[in-house]
Amino acid sequence: MTVDASRGAEAPPELVQLLTPEGERVEHPDYDIDLTPEEVRSLYRDLVLVRRIDLEAVALQRQGELGIWASLLGQEAAQIGSGRALTDTDMAFPTYREHGVAWCRDVDPVKLLGLFRGVNHGGWDPKEHNFHLYTIVIGSQTLHAVGYAMGIQRDDATAATIAYFGDGATSQGDVNESFIWASVFNAPIVFFCQNNQWAISEPLEKQTRIPLYRRASGFGFPGIRVDGNDVFACLAVTRQALKNAREGQGPTLIEAFTYRMGAHTTTDDPTRYRVASELEAWKLKDPIERVKAYLFKNELADQEFFDSVDAEAEGLGADLRSRCLAMPDPGPLDIFDHVYAEPHALMDEERAQYAAYLEGFER
Amino acid sequence: MTVLSLSKALNEGMRKAMEDDPKVLIMGEDVGKLGGVFRVTDGLQKDFGEDRVIDTPLAESGIVGTAIGLALRGYRPVCEIQFDGFVFPAADQIITQLAKMPMRSLGAIKLPVVVRIPCGGGIGAVEHHSESPEAYFTHTAGLRVIACSNPADAYAMIQQAIHCDDPVIFFEPKRRYWEKAEIDTTDTGWWTPMDRAKVVRAGDDVTLLAYGPMVKTCLEAATAAEEDGRSLEVIDLRSLNPLDAPLVMESARRTGRVVVVHEAPVNSGFGAELAARITEQCFYHLESPVLRVGGFSTPYPPSKLEEHYLPDLDRVLDAVDRAFGF
């Protein structure tokens, strides 16, 4: 029995990596990627901007403007790499931490804040972005993703779905059922597990005795472990898995080996359960620094470029802040909206009663 | 007019819905070749194919969870939960996702998913095969909960449930599956809307409120009571959420005595909600408290004891007597 205790600075075996933490391009026998300098700069920009969005959201929470925030710090490459692998017709099913994927799907960042500010439970139209709403119950969305993929099959369409979840979610029944369904129906889906090593306070050893990607073989489809802090590798591996799914070759499990550099959410205190040296070791594998080093070393970008991205990030943060503060609160009678699509007598009755009650204060 | 059993009426209703709309799918355990353990989906896979009548892996959360995904893609899945006691593995998907996702989306998402559940006892079954879990679902906002009691309603209501853009929990009275009635399958003009109750026997002295398998029991009680000179009104609620409150309250005010009958345990059962609402809205018209007849506050007993657990004609009449004792 293998216990995977490779959490930390040592790269685990069987890891697809195309860009080292030092910014060196490396070859992999099964995966490669051919990116133009413009594409690399674009990925770098994505990484920096989503980190800035995340930073601003954390600050907004600290100042009481958001009730809670789930930070993506450290997972930018996994999200941007997989998110940029999607085509317009592919459909993504996120957890509540996929702010980077949302960015790739053109969801206005301020719309991500509604849920965390308490003005709604989800503020965008999934059909408009082919990006489903955040799902908070762990792992539930994986079944929705498989069902959606079964719909793609029935429509005879050329598209795939991608289901995001974390290492903790792999213990959930729904995730295991979704693996079974996807396998049995050969559904066009990619399971993208961001193994960030921690499910709140519980380390990976509390969820599994084998590397997560190897679970796939028991369900009858391929599993791959990719360096989740390597945006090139995440893009290449996800792109291939999505292509396989679209071409009728069924599901793939991708385990993006990464690290949650921040707390689980802003209510959490990681110093109670993990050592500082672990974070320090992972900082050396930062997903953004390695792309910056690659761009520098290969003279694909100059200081002016990096400055302009930083300036854009600052502007984005300031804009997000002002629009968050300007977000209107919902009205009290909005409670009764959208509970049912069709008229519902009890909703009408309670809405009318509460409206009358509120009017009593105005007289 | 054609004579159909309740299970066949459901089958014909689903067949009609599938013919009318290619997006309608059937999914569940053994619903294909076998036609379901109660044969409710008999012959549908043969006629509509395996892509539309889907034999699923044996996992209820997976059935409802993937049905949600199919609905997000524009399909209208009808899920069969094989027995009432097996709905609980799916309860998470039903309660946290199916019921709440439309509101979560601010109306951008509609989930026209029907979850069919054969319910109730009286067939001599083993544990977990005779339960009445409706109150768990009437307590969950975002779901419509309906219960059919007879073949004609079964034929109409299953089609209405499939056409509805909201998630519907659809209870089928399993011990009435084999009861037959004449149904006019050509005329839809007479259909009662799905969220309306129906007075199935008019009366003046006491109102009996029932749904699903207990409607027939109440009708039998009303016939027996007539011999004692008591006129019982029987209302088939049909829809538990939403409740057809105007019809129920009108009857309660007129008779002044109400007895609620269901198989589920009385404690925190749907009858408690009915009693509270009727008391709130008809207090000065009532001659007696609203009385409840139902299962005991015990797990469903072994089948040798189920005749004691299930309300029958005598227990209904006993409650009627008590209603006159105040």
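Helices (H or I, at least four residues) and strands (E, at least two) are DSSP runs, numbered from the N terminus. By this scheme, Glu299(A) sits in the loop between helix H11 (287-297) and helix H12 (303-325) of chain A. Its phi is near 55°, a positive value in a residue other than glycine.

The model is predicted: local features need pLDDT of at least 70, side-chain atom pairs count only at pLDDT 80 or more, and totals for chains, interfaces and linings use all residues. Residues are numbered from 1 along each chain as its sequence is written, and chains are lettered from A and ligands numbered from 1 in the order in which they are written.

Confidence was examined for chain A. The mean pLDDT (the predictor's confidence in each residue, from 0 to 100) of chain A is 95. In this chain, 96% of residues reach 70 or more. Over residues 1-6 of chain A, the pLDDT is below 50. Beyond near neighbours in sequence, this stretch has 10 contacts in the model. Two residues are in contact if their C-beta atoms, placed from the backbone, lie within 7 Å.

The contact between the chains takes 34 residues from chain A and 36 residues from chain B. On the side of chain A that touches chain B, two or more residues each come from helix H5 (126-129), helix H6 (140-155), helix H7 (173-184) and helix H13 (345-362). H6(A) gives the most, with 11 residues. This side of chain A comprises 17 nonpolar, 11 polar and 6 charged residues. Here Ala, Val, Leu, Ile, Met, Phe, Trp, Tyr, Cys and Pro count as nonpolar, Asp, Glu, Lys and Arg as charged, and the others, Gly among them, as polar.

H6(A) packs against helix H3 (residues 60-72) of chain B at an angle of about 55°, with the axes 6 Å apart. H6(A) is therefore oblique to H3(B). Angles under 35 degrees count as roughly parallel, over 145 as roughly antiparallel, 65 to 115 as roughly perpendicular and the rest as oblique. Axes are lines fitted to C-alpha atoms, for helices over the stretch in contact, and angles run from 0 to 180 degrees between N-to-C directions. Contributors from H6(A) include Leu143(A), His144(A) and Tyr148(A). Those from H3(B) include Gly65(B), Ile68(B) and Leu72(B). The residues of this helix pair's contact divide into 9 nonpolar, 9 polar and no charged.

In chain B, a cis peptide bond joins Asn241(B) and Pro242(B), with omega about 0°. Pro242(B) lies in the loop between strand S12 (239-241) and helix H9 (245-255) of chain B.
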